[in-house]
Amino acid sequence: MQVDGHTAIVTGGAAGIGAAMASALLDRGARVVITDLDEWKVAGATAALNRRGPDSAAGLAGNAADPDHIDAAVALAEERFGPVSLYFANAGIAGAPGLAATDEQWDAVLDVNLLAHTRAARRLVPDWIARGEGYFVSTASAAGLLTQLGSATYSVTKHAAVGFAEWLNVTYGDQGVRVSCLCPMGVDTQLLRPTMPDDDAGARLMQRAVEAAGEVLTPEQVAVQVMAGIEDERFLILPHPQVLDMYRQKASDYERWLGGMRRFAQRLGGTEPAAPA
Ligand SMILES: NC(=O)c1ccc[n+]([C@@H]2O[C@H](COP(=O)([O-])OP(=O)(O)OC[C@H]3O[C@@H](n4cnc5c(N)ncnc54)[C@H](O)[C@@H]3O)[C@@H](O)[C@H]2O)c1
């Protein structure tokens with residue numbers, strides 16, 4: 001698909017990978033609505049986008065997992081630029097990492113990393129089937145194909161995001177709905193380098209694991225890969241190509257892969273940061 005002339009929504013679009021994808025979309029002639037949590041961040045990022053392509057971007061503050069916010073973002077995009085052809089379900093959080101995470105903490109991560117995707121698809125896919133085209137781009141993670149050392153919530157919700165994107169593709173792919181699933185390893189953003197307390201062992205293990213696993217890319221490098229993946233209408237977008245080999249190794253000998261991951265975690269200083277209370 002060529003994005004030129006199409007309207008896109010990018011959630012979590014005021015920073016990191018989302019902001020880079022929004023810029024790349026504008027550079028290729030698309031119109032973009034970005035959404036993010038904070039009004040000031042959205043306003044700043046939208047102004048920066050409009051400096052690249054005048055009157056090509058709009059922004060809306062809100063929670064990507066809130067169905068009312070999803071409706072409002074779609075309405076804004078339609079009013080300013082026309083029907084939404086591409087939706088980038090990109091907003092994501094690391095969340096509470098270990099086995100001690102409470103149900104409320106699990107709910108918070110599930111809401112953003114999975115249910116924001118299912119709710120957006122529920123809103124858009126019927127329109128896309130009626131129009132015969134639409135493109136859903138899920139930002140999952142290599143953690144959704146492999147695992148995330150140090151974080152159960154992140155591993156599980158990213159696996160779920162991959163599972164949902166696969167299901168969308170299989171179910172609606174023959175009705176004009178295209179789906180891609182972005183699964184990077186380390187990308188140099190706030191999510192990878194949060195400000196954290198010294199005793200946040202889970203977050204530190206996550207960060208060490210990601211940095212030790214391979215090159216940390218810039219958001220702009222990832223955005224270039226995403227645009228190429230969309231042009232090719234490729235399901236799996238892997239900015240770190242070695243993830244495919246790791247995924248094959250996992251599938252071909254699960255026991256060996258699990259043992260290897262445990263050894264990798266030990267080398268990094270342990271698997272589980274805090275014992276559950
Ligand atoms: N950085 C990495 O190493 C990496 C690797 C693999 C996957 N990812 C995924 O990439 C996506 C983007 O993350 P990033 O690395 O650019 O991080 P980031 O923190 O720089 O950007 C994420 C943006 O999403 C926003 N956001 C968070 N929760 C939101 C919500 N409920 N509603 C709306 N906006 C919300 C944040 O405010 C932030 O601006 C995430 O889904 C993340 O899991 C990141």
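# Exercises on a predicted model

The largest nonpolar core holds 81 residues, and Met21 and Val32 have the most contacts inside it. A nonpolar core here is a set of buried Ala, Val, Leu, Ile, Met, Phe, Trp, Tyr and Cys residues joined through C-beta atoms within 7 Å. The largest share of this core, nine residues, comes from helix H4 (residues 103-131). The model is predicted: local features need pLDDT of at least 70, side-chain atom pairs count only at pLDDT 80 or more, and totals for chains, interfaces and linings use all residues. Residues are numbered from 1 along each chain as its sequence is written.

**Exercise 1.** Describe the chain as a whole.

*Solution.* Start with secondary structure: the chain has nine helices and seven strands. Helices (H or I, at least four residues) and strands (E, at least two) are DSSP runs, numbered from the N terminus. Next take the radius of gyration, which is 18 Å and close to the 19 Å that the globule rule gives for 277 residues, so the chain is as compact as a globular protein of that length. The radius is taken over C-alpha atoms, and the rule is 2.2 Å times the number of residues to the power 0.38. Along its principal axes the C-alpha trace spans about 50 × 40 × 30 Å. Finally, 46% of the 277 residues count as buried. A residue is buried if 20 or more other C-beta atoms lie within 10 Å of its own, exposed if 12 or fewer, and partly exposed in between, with C-beta atoms placed from the backbone.

**Exercise 2.** Check the length of helix H6 (residues 201-213) and list its buried residues.

*Solution.* The expected span is 1.5 Å times one less than the number of residues. For the 13 residues of H6 this gives 18 Å, and the end C-alpha atoms are 18 Å apart, which agrees. The buried residues of H6 are Gly202, Ala203, Leu205, Met206, Gln207, Ala209 and Val210.

**Exercise 3.** Describe the shell around the ligand.

*Solution.* Count first: 28 residues surround the ligand, and the closest are Gly12, Gly16, Gly92, Thr189 and Leu191. A residue is near a molecule if its C-beta atom, placed from the backbone, lies within 6 Å of it. Then sort by element: helix H1 (16-27) and strand E2 (31-36) each supply at least two residues, and the largest share, three residues, comes from H1. By class there are 14 nonpolar, 13 polar and one charged residues. Ala, Val, Leu, Ile, Met, Phe, Trp, Tyr, Cys and Pro count as nonpolar, Asp, Glu, Lys and Arg as charged, and the others, Gly among them, as polar.

**Exercise 4.** Locate Asp55 and give its phi.

*Solution.* Most residues other than glycine have a negative phi. Asp55 has a positive phi, near 55 degrees. The loop between helix H2 (39-52) and E3 holds Asp55, which is exposed, with 9 other C-beta atoms within 10 Å.
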